[in-house]
Amino acid sequence: MTAASAGKAANDLDPFWMPFTANRAFKAQPRLFASARDMHYFTPDGRAVLDGTAGLWCVNAGHARQPIVEAIQRQAEILDYAPTFQLGHPLAFELASRLGMLLPGDLNHVFFAGSGSEAVDTALKIALACQSARGFENRTRLIGRQKGYHGVGFGGISVGGLENNRRGFLTLPGVDHLPHTLNLEEAAFTRGQPSWGLHLADELEVLIETHGAETIAAVIVEPMSGSAGVIVPPVGYLERLREITAQHGILLIFDEVITGFGRLGALTAAEALGVTPDLMTCAKGLTNGAVPMGAVGVSSAVYQTVVEGAAGPGIEFFHGYTYSGHPLAAAAGLATLDVYKSEGLFQRAAELTPYWQDAVHSLKGLPHVIDIRDLGLVAGIELAPRPGAPGARATEVFHQAFDDGILVRVTADVIALSPPLIISHAQIDELIDRLSNIIENTP
C-alpha cells in the first residue's frame, strides 16, 4: 500500500467523477441509496424514499422485480458474455424477434447497443448508410430540434438542442434544428397535448427550402421531450412531421429512450400517438434499468436497403459495440417484457393516466408554479426562476423532496415526475401531497 492510498478510506467519495452532477456540492452533502424494492428506494439508514421518477425514467416495472433478478442470475451462470461480431447467442436473436413483433408498423429489425446515447448515434449512422445505399450520397444533413436531448455522444449532442450539452465540445457539421414547441403564453396548464403549435412542424419545410431536400438524410425528434422538462407534442405535430419527411424522402427517427415501454400507456409513443417513424431508438425501460442496453428499431425498407442491397459479400454496415446484444442484458430484456405483459402494465399506465393528470394539475395555484404539463404517466411542474439564480428554486425542492422521502427530478426550474407503472392511487396521492407541501414552503 502506498502512502497516498493509505490515507484513503474504502468508501471515499472523491474518486467517482459523477455524471451530470455538481460534484463538489454533492460530496459535501451526499444523498445515497443503499437498496430498492418495488416503489421505494432505501437510504443507508433504512429510510424509505418513494420513487417518483422510475429511477432515471427507466425502472418502469418497479425495483428489484424477482422475475428479472432471477433471469439475470440464471444467465450469468449459463453464459456471462458472448461476442456478436460474426458470432451470436440465442437470447439476442430471441429478444430482437420479440421486439420486432411488438414495435409498431414494420419496425421489425433491431440493432442492439449499450445505452440510449449509443442507440442514437447508431440510428443516425443507419440513416446516413441508408441514404447512401439508395444512391443519395449528398443526403448527409441531419435535423434535430431545439431543446431536444439525444444522449451525449458526438452525434447526439449535435442533433440535440440543449446548449449546455454542446458547449465546449466539437459537433458534427451539416446539422440544423427545428424550433421547439414549448410556449407558456399559448399553452400553459394544458392537460395532455396542447392544441397550439401544429404550425411549428411546417418549419421543416423552411429548412428543406433552405438546404434542399436532396441534402437531408434524417430528422430526429423525441415524441415527448423528457430531459428538457417534459415538452408535450402539439396535436397533429408528429403526424405533420411524418407527412413532410415521407413526401421528401427524408427518414424520420423517433428517440423513444424515455417514452418507450409503457410510459405513455402503450409500448411506444409511436403506438400511443399513432405515428410510425422509419427508425426508433429505445433503452431505459427495455431492461427495466437492470442491465444497460439500448436498441434501434429499423423498418424493413431501411434494413433491406442497407443489408440486402449491399454490393458483394462481407460486412454491410461497419458499426457495432462490444456489448451489442449482451447475454445478461438480453435476459433482462426478455424477462422485463414478460413482466410488462403478465401484469398488463402498459394498460395499467393508460388507466392511471386520468387520475394522475388530476393529481398533478392539483398543484396549480401553488406559489411560483407557472406551468404544469403532462402526457401519460409523466408530468412537468415548472417553477418561476429566482431572479439571478435560475434553477435554484427547483434544486431546493429536489433536495427537500429527498429529505422528506420522495424522489423527483429537476431540469432547470422544472420538476419532472415519471413514476414506475406499478404506482397505486394512494402512492400518487402521497407523492403529490408531499410535493405540494414542499413547493408551498419553498421561497
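Predicted model: local features only at pLDDT ≥ 70, side-chain atom pairs only at ≥ 80, totals over all residues.

Tutor: Just after helix H10, Gly212 adopts a positive phi of about 90°. An α-helix has 3.6 residues a turn, so residues three or four places apart point the same way.

In soluble globular proteins, nonpolar side chains tend to be buried together. The largest nonpolar core here has 94 residues, among which Ile381, Ile415, Leu417 and Leu435 touch the most other members. Helix H14 (residues 327-342) contributes the largest share of this core, ten residues. Leu417 illustrates the packing: leaving aside neighbours within four places in sequence, its contacts include Gly52, Trp356, Val360, Leu377, Ile381, Val408 and Leu435. There is also a second, separate core of 22 residues, which includes Ala123, Ile126, Val159 and Ala218.

Across the whole structure, a search finds three cavities of 30 Å³ or more. The largest cavity has a volume of about 130 Å³. Of the 14 residues that line the largest cavity, Leu182, Ala187, Pro194, Asp371 and Arg373 lie nearest its centre. Helix H9 (184-187) and strand E11 (369-374) each supply at least two residues of this lining, and the largest share, three residues, comes from E11. By class, the lining of the largest cavity has eight nonpolar, four polar and two charged residues.

The second largest cavity holds about 50 Å³ of space. Among the residues lining the second largest cavity are Arg145, His180, Glu222, Met224, Ile231 and Pro233. Its lining divides into five nonpolar, four polar and two charged residues.

Finally, there is an open space to consider. The second largest pocket has a volume of about 1000 Å³. Of its 28 lining residues, Thr84, Val110, Phe111, Phe317 and His319 are the closest to the centre. The elements giving two or more residues to this lining are helix H5 (90-102), strand E4 (109-113) and helix H13 (300-308). By class, the pocket lining has 18 nonpolar, nine polar and one charged residues.

Methods. Residues numbered from 1 in each chain as written. Heavy atoms only, no water. Helix = DSSP H or I, 4+ residues; strand = E, 2+ residues; numbered from the N terminus. Core = buried A, V, L, I, M, F, W, Y, C linked by side-chain atoms within 4.5 Å. Buried < 20%, exposed > 50% of the residue type's maximum accessible area, 1.4 Å probe, protein only. Contact = heavy atoms within 4.5 Å. 1 Å grid on protein atoms, 1.4 Å probe; cavity = no way out; pocket = protein on both sides within 12 Å on 5 of 7 lines; lining within 4 Å. Points joined across faces, edges and corners; volume = space filled by probe spheres on them. Nonpolar A, V, L, I, M, F, W, Y, C, P; charged D, E, K, R; others polar.
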